[in-house]
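Here is a short briefing to read alongside the structure.

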Amino acid sequence: MAKLKLGAVADDKPVKLVIEFPATVHRDLVAYAEILARETGHPVSDPAKLIVPMVERFMATDRGFAKARRPRQSPAGKEG
């Protein structure tokens, strides 16, 4: 069984998204939802609900993004 990066998706209050995906990306999103449902035993009612956790996971594991968000410190602790 594959080990996916996402876990079960919380049943949150719906949020309306208006976004266009290429058909191939949408098919992959649907397939991901099906595999995730098999792995977790929690069906995903709408594959679009995976988008937010996927983006959150992506940003949380992007080292360049984390580095860029850290406040810049002056050298040797000097104010400047």
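Let's start with Leu50, which sits in the loop that links helix 1 and helix 2. Please keep in mind that this is a predicted model. Is Leu50 buried or exposed? Leu50 is buried, because its relative accessibility is 0% and the cut-off for buried is under 20%.

**Around Leu50**
- Leaving aside residues up to four places away in sequence, Leu50 is in touch with Leu6, Val9, Leu29, Tyr32, Ala33, Leu36 and Val44.

**The nonpolar core**
- Which residues form the largest nonpolar core? Its 7 residues are Leu4, Leu6, Leu29, Ala33, Leu36, Leu50 and Ile51.
- Helix 1, spanning residues 23-40, is the biggest contributor to this core, with 3 residues.
- Leu4, one of the core residues, touches Tyr32, Ile35, Leu36 and Glu39 when residues up to four places away in sequence are not counted.
- Leu36 therefore turns up in the contact lists of both Leu4 and Leu50, where contact means heavy atoms within 4.5 Å.

**The overall fold**
- The protein chain has 3 helices and 0 strands, and from the N terminus the order of its elements is α-α-α.
- The chain has 80 residues, of which 10% count as buried.
- What share of contacts joins residues at least 24 apart? Among contacts between residues at least 6 apart in sequence, the share is 62%.

**The surface**
- The protein chain exposes about 7,200 Å², with carbon and sulfur atoms supplying 57% of that area.
- On this surface, Val55, Phe58, Met59 and Phe65 make up a nonpolar patch of about 350 Å².
- Helix 2, residues 51-60, provides the largest share of the patch, with 3 residues.
- Phe58, a member of the patch, belongs to helix 2.
- Phe58 counts as exposed because its relative accessible area is 54%, and exposed means over 50%.

- Where is Thr61 found? Thr61 is in the loop that runs between helix 2 and helix 3, the latter covering residues 63-69.
- The side chain of Thr61 reaches back to the backbone oxygen of Arg57, at 2.9 Å.

Technical notes
Residues numbered from 1 in each chain as written. Predicted model: local features only at pLDDT ≥ 70, side-chain atom pairs only at ≥ 80, totals over all residues. Heavy atoms only, no water. Helix = DSSP H or I, 4+ residues; strand = E, 2+ residues; numbered from the N terminus. Buried < 20%, exposed > 50% of the residue type's maximum accessible area, 1.4 Å probe, protein only. Areas by Shrake-Rupley, 256 points an atom, 1.4 Å probe, with all protein chains shown as cover. Patch = residues over 30% accessible without salt bridge, like charges linked within 9 Å, V, L, I, M, F, W, Y side chains within 5 Å. Salt bridge = Lys/Arg side-chain N within 4 Å of Asp/Glu carboxyl O. Polar contact = N/O pair within 3.5 Å; in protein donor to acceptor, adjacent residues only side chain to side chain. Core = buried A, V, L, I, M, F, W, Y, C linked by side-chain atoms within 4.5 Å.
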